[in-house]
Amino acid sequence: YSTANPPILMVQGIGGRRRVWWLDGTDAITDVDTIGFISNAKALGMKAGDIIFYLKTDASPLAIQIFSVAAINAAGAADLSAGTAVTATNSD
């Protein structure tokens, strides 16, 4: 993860509701769900319960994983859930 390419806030929660974020990169899914992968989560405004869509751009076909922010630690880094893969097949 490079703080130069941070997650993008896609949906701002209204009235304290959860936010939705987008992140793309070439990092392995197992790296993304490592505690502290998003090291500046608190500074970005992430909170526990927020949703993150991760697009692995070097996969073929492209792979999307959906994570939730389980917690923000004292250092301000995110602890993400194990995530759920979104898969698709192209049958044409």
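Residues are counted from 1 along each chain as its sequence is written. As this is a prediction, local features need pLDDT of at least 70, side-chain atom pairs count only at pLDDT 80 or more, and totals for chains, interfaces and linings use all residues, while side-chain values use heavy atoms, with hydrogens and water left out.

**View 1. Trp-22 and Phe-53 stack as an aromatic pair.**
A search of the whole structure turns up 1 aromatic pair. Its rings, Trp-22 and Phe-53, sit 6.4 Å centre to centre with 20 degrees between the planes, which makes them stacked. (Rings of Phe, Tyr and Trp, taking the six-membered ring of Trp, pair if their centres lie within 6.5 Å; planes under 30 degrees apart are stacked, over 60 edge-to-face, and the rest tilted.) Trp-22 belongs to strand S2 (residues 20–25) and Phe-53 to strand S3 (residues 51–56), so the pair ties together parts that are 31 residues apart in sequence. (Helices, H or I with at least four residues, and strands, E with at least two, are DSSP runs numbered from the N terminus.) Trp-22 counts as partly exposed at 22% relative accessibility, and Phe-53 counts as partly exposed at 25%. (Buried is under 20% relative accessible area, exposed over 50%, and partly exposed in between, using a 1.4 Å probe and protein chains only.)

**View 2. Strand S2 pairs with S1 and with S3.**
S1 and S2 run antiparallel and are joined by 3 bridges; here Leu-9 stands opposite Trp-21 in S2. S2 and S3 run parallel, with 6 bridges between them. Trp-22 has Phe-53 as its bridge partner in S3. (Two strands pair if DSSP finds at least two bridges between them.)

**View 3. Ile-8, Met-10 and Val-11 make a nonpolar surface patch.**
The patch covers about 280 Å². Ile-8 is placed in strand S1 (residues 8–11) and, at 52% relative accessibility, counts as exposed. (Patch residues have over 30% relative accessible area and no salt bridge; like charges are joined within 9 Å, and nonpolar side chains, Val, Leu, Ile, Met, Phe, Trp and Tyr, within 5 Å. Areas come from the Shrake-Rupley method with a 1.4 Å probe, and for residues only the protein chains shown count as cover. A salt bridge puts a side-chain nitrogen of Lys or Arg within 4 Å of a carboxyl oxygen of Asp or Glu.)

**View 4. Lys-47 sits in the loop between helix H2 (41–44) and S3.**
Lys-47 is partly exposed, at 45% relative accessible area. Setting aside neighbours within four places in sequence, Lys-47 is in contact (heavy atoms within 4.5 Å) with Arg-19, Val-69 and Ile-72. Lys-47 and Val-69 are 22 residues apart along the chain, with 6.8 Å between their C-alpha atoms.
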